[in-house]
Amino acid sequence: MTDSADYIVVGAGSAGAVVAARLSENPAVRVTLIEAGRRERHPLLAMPIAFPMVMADKRFNWSYEGEPEPFANDRRLRQPRGKGLGGSSLINGMLYARGHPRDYDEWRQLGLEGWDWDSVLPFFKKSENHWGPADRYHARGGPLTVTKHIPDDRLFPRFIEAVTKLGYKTQQDHHGSDQEGWGSPDISIHGGRRGSTSARFLYPAMKRPNLTVITKAHATRIEVQNGRATALHYRKDGQEHRLVAEHEIVLSGGAYNTPQLLLLSGIGPADELRKLGIDVVHDLPGVGRNLQDHPSVALVWPADRSVTLTDELRFDRLALSVLQWALTGKGRIANMPVTANGFIKTRAELERPDAQCLFQPTSILARPWFPGIKAPQADVIAMACVLLRPEGRGWVKLASADPAAKPRILSNVLSTENDRPPHRSPRWSRARRSPGPRSAPPPRSTPGCASSSAPRCIRWEAARWEPARKRCAMRGCGSAGSTGCGLPTPRSCRVSSAAIPMPRRS
Ligand SMILES: Cc1cc2nc3c(=O)[nH]c(=O)nc-3n(C[C@H](O)[C@H](O)[C@H](O)COP(=O)(O)OP(=O)(O)OC[C@H]3O[C@@H](n4cnc5c(N)ncnc54)[C@H](O)[C@@H]3O)c2cc1C
């Protein structure tokens with residue numbers, strides 16, 4: 001079957017759902033959005049507290065697994081990616097986090113016109129419905145509601161007291177004039193429900209007659225004629241379809257699937273494509289290279305039940321909370337487990353934070369429990385520390401020429417000397433020596449990444465290099481850069497980040 005659209009958007013995730021919604025604001029253009037997943041309606045997806053469960057649920061997830069990581073003990077890292085309208089915003093941690101202004105200015109210096117801070121800030125504001133007043137950095141009334149996490153009164157004050165004693169700054173607004181410091185996080189939650197890009201941008205736009213959304217449609221190839229992308233091929237319900245692009249094809253399948261689709265279309269490193277029997281349409285060595293991921297180290301400590309989430313996860317109490325949430329949109333279910341967010345410098349001399357740490361009164365493994373039927377997980381407090389500007393570069397390659405095969409992914413986490421030392425830097429060492437308020441019981445050993453001696457609320461020693469390499473380091477789910485992002489470096493991919501330019505109709 002052949003059809004046509006002015007704009008074809010491939011992938012309805014964080015990017016694609018917004019792009020399709022924005023493009024279709026112009027009633028004169030016809031937009032077709034192609035999504036491999038479905039429109040998901042599962043109630044868990046709307047519940048902020050259920051994030052650890054939906055993140056691991058294969059129904060909404062491509063569930064990729066990486067190649068053995070040479071600098072992380074050859075472990076294969078889980079690579080979750082959301083599948084369905086909303087993409088990874090269906091299953092992500094909902095933490096609203098802009099980059100540092102310098103990050104965008106550096107993109108501009110690398111050659112990306114229009115991506116400097118002054119150029120992108122108006123777009124952040126255009127999307128935003130901010131919890132605070134409208135000012136130079138924030139706006140109200142946009143589709144994306146940014147809520148302030150409601151801090152708990154048991155752990156949050158003690159935690160803030162501890163980090164303050166350790167010399168860290170506190171921060172009310174990480175997206176204002178200064179990013180650095182610890183505070184309660186900003187989250188994409190609207191009316192107590194997950195603010196996925198499908199919920200906040202796409203579903204309202206789907207009322208427009210000029211926007212067509214095709215779900216369970218797997219894009220398999222971009223057709224190129226005379227150097228122009230002219231059509232998209234996709235598979236739906238076992239049938240092959242061809243959709244002609246009158247104006248432009250926007251690729252927003254994410255950091256793994258976008259290079260996969262380009263490679264399947266014969267756009268990529270010629271030698272690699274030939275080995276798989278794929279006709280080379282355009283030899284672009286940068287496709288699938290330059291994959292950037294944020295290594296994350298999970299730290300877990302035993303803690304008193306009085307400060308953990310365990311009691312609230314008891315099934316009967318949870319059921320009442322679900323009822324409260326369904327009726328009012330409020331309560332425990334409507335809040336994220338993450339208590340504190342810190343953008344910190346791992347070395348004092350840095351000009352901007354290089355790590356983001358998320359502190360919570362439970363671990364990612366916590367699940368509902370009931371006495372005598374299912375035991376609770378151990379009482380723990382936990383922290384995930386994410387390196388924000390890793391130097392390590394990985395890749396995405398095809399495993400085969402079959403579009404249904406999963407791509408091969410190597411993040412190369414911890415592959416450079418600079419990506420390793422945050423866990424043994426002077427600033428972190430100072431934290432180890434300094435006293436902090438006690439919120440954990442006498443130390444005991446817990447499996448996995450737990451420290452065997454963590455009597456204080458904050459101790460960092462579990463993140464030393466060896467445990468990180470062997471067990472704790474994982475990817476931070478923020479992968480990017482694998483299609484070259486349009487940078488004008490000679491050997492990188494020259495396809496612009498999302499769009500393959502098409503001739504304008506006269
Ligand atoms: C578990 C997890 C937690 C995270 N937590 C946070 C967080 O708290 N805060 C934060 O800012 N970021 C977080 N992130 C990162 C953030 O969610 C992603 O960076 C972002 O969603 C990526 O957006 P995207 O549009 O590039 O890709 P995605 O949102 O992944 O969208 C890609 C879409 O394309 C579709 N697709 C792929 N291939 C095809 C094909 N061949 N044909 C048709 N459709 C296709 C997919 O099904 C998907 O819907 C998290 C990510 C994950 C996975």
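A residue counts as near a molecule or strand if its C-beta atom, placed from the backbone, lies within 6 Å of it. Around the ligand there are 34 residues, and G11, G13, G87, G93 and N257 come nearest. By type, the shell around the ligand splits into 14 nonpolar, 17 polar and three charged residues; here Ala, Val, Leu, Ile, Met, Phe, Trp, Tyr, Cys and Pro are nonpolar, Asp, Glu, Lys and Arg are charged, and the others, Gly among them, are polar. At least two residues of this shell come from each of α1 (14–23), β12 (217–225) and α8 (254–264). Helices (H or I, at least four residues) and strands (E, at least two) are DSSP runs, numbered from the N terminus.

The model is a predicted one, where local features need pLDDT of at least 70, side-chain atom pairs count only at pLDDT 80 or more, and totals for chains, interfaces and linings use all residues. Residues are numbered from 1 along each chain as its sequence is written. The pLDDT, the predictor's confidence in each residue from 0 to 100, averages 86 over the protein, with 83% of the residues at 70 or above. Residues 424–465 fall below 50, and this stretch has 99 contacts in the model beyond near neighbours in sequence. Residues 485–506 also stay under 50, with 48 contacts beyond four places in sequence. A contact here is a pair of residues whose C-beta atoms, placed from the backbone, lie within 7 Å.

Overall, the protein has twelve helices and 24 strands. Of its 506 residues, 47% are buried, that is, they have 20 or more other C-beta atoms within 10 Å of their own, with C-beta atoms placed from the backbone (12 or fewer would be exposed, in between partly exposed). Of the contacts between residues at least 6 apart in sequence, 67% join residues at least 24 apart.

Q179 gives a local view of this. Its place is in the loop between α6 (156–165) and β7 (181–183), and Q179 is buried because 22 other C-beta atoms lie within 10 Å. Beyond four places in sequence, Q179 touches H100, H174, F343, R352 and P353 by the contact criterion. R352 sits 173 residues away along the chain, yet the two C-alpha atoms are separated by 8.0 Å.

Now for a sheet. Three strands form an open sheet in the order β5-β6-β8, with mixed pairing; strands pair if DSSP finds at least two bridges between them. At the edges are β5 (128–130) and β8 (186–187), each pairing on one side only. Strand β6 (residues 144–148) runs antiparallel to β8, joined by two bridges, and T147 has I187 as its bridge partner in β8.

Terms used
Two residues are in contact if their C-beta atoms, placed from the backbone, lie within 7 Å.
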